[in-house]
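Below are some points I would like you to have beside you as you go through the model.

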Amino acid sequence: MSLVPITTADNGPLFAEVEMGGDTSSTTVRATVVQASTVFYDTPATLDKAERLLAEAASYGAQLVVFPEAFVGGYPRGSNFGVSIGNRTAKGKEEFRKYHASAIDVPGPEVDRLAAMAGKYKVYLVMGVIEREGYTLYCTILFFDPQGRYMGKHRKVMPTALERIIWGFGDGSTIPVFETPLGKLGAAICWENKMPLLRMAMYAKGVEIYCAPTADSRDVWQASMTHIALEGGCFVLSANQFCRRKDYPPPPEYVFSGTEDDLNPESVVCAGGSVIISPSGTILAGPNYEGEALISADLDLGDIARAKFDFDVVGHYSRPEILSLTVRDHPSNPVTFTSESTKSEKSDTSH
């Protein structure tokens, strides 16, 4: 393991953990998870920071770079948006307005910029964003290829606890696994990684590099990541933000808990814990709880076949005659206009 310096938002002297050496053949992929904080309520500044970090990762040879959950748009840690049963406050509604304004449209200009970044630095980019569709927000992961193309997205299917106040629910149409020269690439966000059936759907699609952007910095999160690597026979790349109180707007504009920590700009509100784990359950890099960092490792893709020889959950270790799963992978639309289908039918019969 070696340490290399990285550039941070305030140009502070931080370092990145990099697992160097090993097999450099075509079966080895260098992957980096970014552990850094959003510039809250400032999406242009967050995109600038993302590009600086992406450039750093690419300079160390990264071919795949994974950012945390809600990096663009922000994870509103500690906020309740003024909600109690039967009531919403004016302050909370204004807080949502500002949060909505920080989100991005997909497609949209911010997506175009992220695609251009991926193309500029020749990397596969996996980016956590807050997606805006009309007045509903989604916690979303966007995927980009090294040619600067937007590949697709995954919307979090089950927001956790109070997240449900501000985020909509994804459906089965956005659980992609992409075939790439690096391997089959997919993602699940934070606690939806604890959903066995969702994981099973990912394994059935053949995921080999399993990205797990998160907001959970607890030690127990590591157990979940190790289990997924072993269960799925896949590499797991978990990226979390490292945030201090000063990374959020000051009180009284933004209040976490009302304690002394809320007034201390240096207090840690999310400690990171980003990690990269092999299909055998070996920790390749991280977990890091020290600060903002780039955490990188070389992935030997041969480890996937070695792990699957032991246990292939959707292959030789499955029992479909006893246990099976049905995934509804079509969009769930609240409104369907029959005029659209009628036009389509007329078009089909006009030849």
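1. Let me begin with the prolines. Pro252 is placed in the loop between β14 (242–244) and β15 (268–271); helices here (H or I, at least four residues) and strands (E, at least two) are DSSP runs, numbered from the N terminus. The peptide bond that joins Pro251 and Pro252 is cis, with omega about 5°. A cis peptide bond also joins Val106 and Pro107, and there omega is about 0°. Pro107 belongs to the loop between α2 (90–102) and α3 (109–121).

2. A word on the basis of all this: the model is predicted, so local features need pLDDT of at least 70, side-chain atom pairs count only at pLDDT 80 or more, and totals for chains, interfaces and linings use all residues. Residues are numbered from 1 along each chain as its sequence is written, and side-chain values use heavy atoms, with hydrogens and water left out.

3. Two backbone angles deserve a look. Phe81, in the loop between β4 (64–66) and β5 (83–84), has a positive phi of about 50° although it is not a glycine. Lys122, in the loop between α3 and β7 (124–133), is not a glycine either, and its phi is positive at about 55°. Are these residues buried or exposed? Phe81 counts as buried because its relative accessibility is 7%, whereas Lys122 is exposed, with a relative accessible area of 60%. The cut-offs are under 20% relative accessible area for buried, over 50% for exposed, and partly exposed in between (1.4 Å probe, protein chains only).

4. Next, a hairpin. β8 and β9 form it with 5 residues between them, and Gly148 in the turn has a positive phi of about 80°. Strand β8 (residues 136–144) and strand β9 (residues 150–155) run antiparallel and are joined by 5 bridges; two strands pair if DSSP finds at least two bridges between them. Across this pair, Thr140 stands opposite Arg155 in β9.

5. Now the open sheet. Its 6 strands come in the order β10-β11-β12-β13-β16-β17, and the pairing is mixed. β10 (177–180) and β17 (283–288) are the edge strands, each pairing on one side only. From one strand to the next the twist averages 15°. Helix α5 (residues 196–204) packs on the sheet, where it touches β10, β11 and β12 (209–211), and its direction makes about 145° with that of β12. Axes are lines fitted to C-alpha atoms, for helices over the stretch in contact, and angles run from 0 to 180 degrees between N-to-C directions; contact means heavy atoms within 4.5 Å.

6. Which residues does Phe178 touch? Leaving aside residues up to four places away in sequence, they are Phe143, Met151, Gly152, Lys153, Gly183, Lys184 and Leu185. Phe178 lies in strand β10, and 4 bridges join β10 to the antiparallel strand β11 (residues 183–187). Leu185 in β11 stands opposite Phe178. Phe178 counts as buried because its relative accessibility is 14%. Its C-alpha atom is separated by 9.8 Å from that of Glu208, 30 residues apart along the chain.

7. Last, the surface. Leu325 lies in the loop between α7 (302–310) and α8 (338–348) and counts as partly exposed because its relative accessibility is 35%. Together with Leu197 and Val327, Leu325 makes a nonpolar surface patch of about 250 Å².

Notes: Patches are made of residues with over 30% relative accessible area and no salt bridge: like charges are joined within 9 Å, nonpolar side chains (Val, Leu, Ile, Met, Phe, Trp, Tyr) within 5 Å. Accessible areas come from the Shrake-Rupley method with a 1.4 Å probe; for residues, only the protein chains shown count as cover. A salt bridge is a side-chain nitrogen of Lys or Arg within 4 Å of a carboxyl oxygen of Asp or Glu.
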